[in-house]
Amino acid sequence: MMLQQTQTGRVAPAYGTFLAKFPDVRTLAHAPAMEVIQAWRGLGYNRRAVDLQRSAQAIEHEYGGVVPSDLKALRALPGVGDYSASAVACFAYDRQVPVVDVNVRRVLSRAARASDELSLDETRRVAAEWLAPGEAYRWNQALMDVGAMICRIDKPLCAQCPLKATCEYRARGLNKGPRPERRPKQSPFEGSSRQKRGGIIDHLRDTAGEGVSLSVLAKVIHPNGHKDLTWLVELLEGLEREGLVEMTPGARRGSARGIVRLPG
DNA sequence: AATTCGGGGTT
DNA sequence: AACCCAGAATT
């Protein structure tokens with residue numbers, strides 16, 4: 001779950017630290033949510049920390065503390081989508097299922113079509129069709145590694161690619177067709193509510209346990225701010241819905257002395 | 001189908 | 001600055 005939309009190079013060090021603190025499902029399930037969110041510092045998408053702990057609690061309660069191997073059961077856990085469910089089923093339990101991440105989608109899109117990117121459904125169909133029988137683990141791992149190191153989004157190293165003999169993208173020439181993928185333009189991060197949300201959680205992590213008044217929080221996030229704190233309350237209500245913060249009633253109605261803290 | 005959700009590294 | 005990332009949930 002740490003790897004969702006987050007580079008392996010950034011996950012790797014955090015992974016060891018996190019597992020040292022929460023070595024198994026039971027430990028994670030019974031830990032104060034605050035500590036889990038603390039341990040998530042630097043990883044971003046903080047909702048994943050809450051979802052991960054809730055998944056651990058569901059695994060404790062519904063599956064006797066054993067992570068299920070069934071795709072449907074995995075998929076039903078909070079924060080577990082198609083990718084994570086199939087990744088656990090394959091890499092933890094050696095189930096013969098395709099695993100489709102952004103790398104696999106790019107590799108298969110280029111190899112099988114090359115004119116534009118395959119839809120997710122098309123990718124899943126091709127991935128299942130190409131799955132090496134009995135070798136799902138190695139095949140999926142190899143596809144992702146090829147995508148990350150050879151069939152890269154910017155500069156594909158086709159000369160080194162194990163698929164070069166049959167790849168459509170390679171056959172048509174690298175710059176003949178339209179690019180296989182384009183993402184919608186990314187809105188600026190500076191000054192965004194996304195940045196403010198991150199700043200709020202970061203400051204609450206620093207002031208562990210005690211919590212912070214609405215006015216102090218406003219000062220930290222928006223130093224030359226206004227008297228009106230409704231902008232802050234709206235952000236906090238969103239964070240509250242995701243289980244990332246707790247608010248006193250005063251804070252919820254915008255009182256400057258209202259207290260905000262990480263969930264206990 | 002389109003948006004939202006962090007943040008650090010790369011270009 | 002903009003783009004990228006072993007996605008998922010929400011609308």
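1. In this predicted model, the side chain of Gln7 places an N or O atom 2.7 Å from a base nitrogen of DNA strand B, a polar contact in the sense of a pair of N or O atoms within 3.5 Å.

2. Two further contacts involve phosphate oxygens of DNA strand B: one lies 2.3 Å from an N or O atom in the side chain of Arg197, and one lies 3.4 Å from a backbone N or O atom of Asn46.

3. Around DNA strand B there are 13 residues, of which Gln7, Arg10, Tyr45, Arg194 and Arg197 come nearest; a residue is near the strand if one of its heavy atoms lies within 4 Å of it. Of the atoms of DNA strand B that come within 4 Å of the protein, 48% belong to sugar and phosphate.

4. Helix H11, residues 193-206, supplies the largest share of this surface, with 5 residues, a helix being a DSSP run (H or I) of at least four residues.

5. The structure holds 0 disulfides, a disulfide being a pair of cysteine sulfur atoms within 2.5 Å. For Cys90, the nearest cysteine sulfur is that of Cys151, 20 Å away, while for Cys161 the nearest is also that of Cys151, 6.0 Å away. Cys90 is buried at 0% relative accessibility, and Cys161 is buried at 12%, where buried means under 20% relative accessible area (1.4 Å probe, protein chains only).

6. On conventions, residues are numbered from 1 along each chain as its sequence is written, and chains are lettered from A and ligands numbered from 1 in the order in which they are written. Local features need pLDDT of at least 70, side-chain atom pairs count only at pLDDT 80 or more, and totals for chains, interfaces and linings use all residues, while side-chain values use heavy atoms, with hydrogens and water left out.

How values were computed
Polar contact = N/O pair within 3.5 Å; in protein donor to acceptor, adjacent residues only side chain to side chain. Helix = DSSP H or I, 4+ residues; strand = E, 2+ residues; numbered from the N terminus. Buried < 20%, exposed > 50% of the residue type's maximum accessible area, 1.4 Å probe, protein only.
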